[in-house]
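I opened the notebook to look up how the parts of this chain are held against each other. The entries follow in the order in which I looked things up.

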Amino acid sequence: MPKVETFDRALVLKGATDAFHNKGYNATSMQDLVDATGLNRSSIYNSFGGKKDLFMYCLKAYQDSYYEKIFKKLDKAQNPLRALELLLELYLKDILEDTKNKGCMITNCASEMANQDPLIANFLNSNQNGFLEFLGNLVESGQAEGVINKKRTPRDYALYLFSAIQGFRTAGILLSNKNDLEVISKMIIQTLI
């Protein structure tokens, strides 16, 4: 008979996600995870399969949570261009509220782990492809509505936006001046008009 979990899985994942987000994958020890989750090592291994497996659960939970936040924010957009403006406003808000300058966990993971582990690289590639598709669909709709220019293809603009957003989020770790960040955000949008 399988062992029944006697802990709140979501709470444990939040604690582990915070530990990984604060230190990165490589610097987070099993003791850090024990301290962050309140579970002993054997419970972590039995329930999640080990450090890398737990990290993958945390990445997925972080991704799901962030996409939920994005879709909730973009639900208020009147058109695709405004949706992109709201997306950048969301990132700006997150940067300004990130008092520990942790940055985006997935962006940080790409810097730290993309070339170290095939499983993590697959997750990151899948995340990137999904986000590129999302951005491309927004651009295509915006071009059809006439609120985004047609100087480039939706795919070209999606690649530009993906790169610009990654750079914006990374720059936000060191650059916390709201005015400077707003200039960057506006310049990203101006490319599309």
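How much area do domain 1 and domain 2 bury between them? I note first that this is a predicted model. The two domains bury about 1100 Å² between them, and 64% of that area is on carbon and sulfur atoms. I then looked up which residues of domain 1 supply it. H21, F55 and M56 account for 51% of the area that domain 1 buries against domain 2, more than any other three residues.

Domain bounds. I find the chain divided into domain 1 (1-57) and domain 2 (76-190). Their C-alpha centres lie 29 Å apart. By contacts, 11 residues of domain 1 touch 14 residues of domain 2.

Core. I looked up the largest nonpolar core and found 57 residues in it. L54, L84, L87, Y91 and L135 have the most contacts inside this core. Helix α5 (residues 80-97) gives the largest share, 10 residues. The core draws at least three residues from each of domain 1 and domain 2.

Y91. I listed the contacts of Y91, leaving aside neighbours within four places in sequence. The partners are Y66, I70, F131, I165, F168 and R169.

Aromatic pairs. My search of the whole structure gives 12 of them. In one, the ring centres of Y25 and F55 are 4.9 Å apart with the planes at 55°, so I record the pair as tilted. Y25 sits in the loop between α1 (9-23) and α2 (30-37), while F55 belongs to helix α4 (residues 51-74), so the pair ties together parts that are 30 residues apart in sequence. Are Y25 and F55 buried or exposed? Y25 has a relative accessible area of 13%, below the 20% limit, so I count Y25 as buried. F55, at 2%, is buried as well.

I looked next at F48 and Y57, which make an edge-to-face pair, 5.5 Å centre to centre and with 75° between the planes. F48 is buried at 4% relative accessible area, whereas Y57 is partly exposed at 37%.

Ring pairs also link Y67, F71, F131, F134 and F162 into a cluster.

Charges over rings. Which residue lies over the face of Y25? I find K51 there, at 4.4 Å from the ring centre. R9 lies over the face of Y57, at 5.2 Å from the ring centre. Y25 thus has F55 as a ring partner and K51 over its face; Y57 has F48 and R9.

Technical notes
Residues are numbered from 1 along each chain as its sequence is written. This is a predicted model: local features need pLDDT of at least 70, side-chain atom pairs count only at pLDDT 80 or more; totals for chains, interfaces and linings use all residues. Side-chain values use heavy atoms; hydrogens and water are left out. Rings of Phe, Tyr and Trp (its six-membered ring) pair if their centres lie within 6.5 Å; planes under 30 degrees apart count as stacked, over 60 as edge-to-face and the rest as tilted. Helices (H or I, at least four residues) and strands (E, at least two) are DSSP runs, numbered from the N terminus. Buried means under 20% relative accessible area, exposed over 50%, partly exposed in between (1.4 Å probe, protein chains only). A charge sits over a ring if NZ of Lys or CZ of Arg is within 6 Å of the ring centre and within 35 degrees of the ring normal. A nonpolar core is a set of buried Ala, Val, Leu, Ile, Met, Phe, Trp, Tyr and Cys residues joined through side-chain atoms within 4.5 Å. Domain bounds come from an automatic or database domain assignment. Contact means heavy atoms within 4.5 Å. Buried area is the accessible area (1.4 Å probe) that two parts lose on being put together, summed over both.
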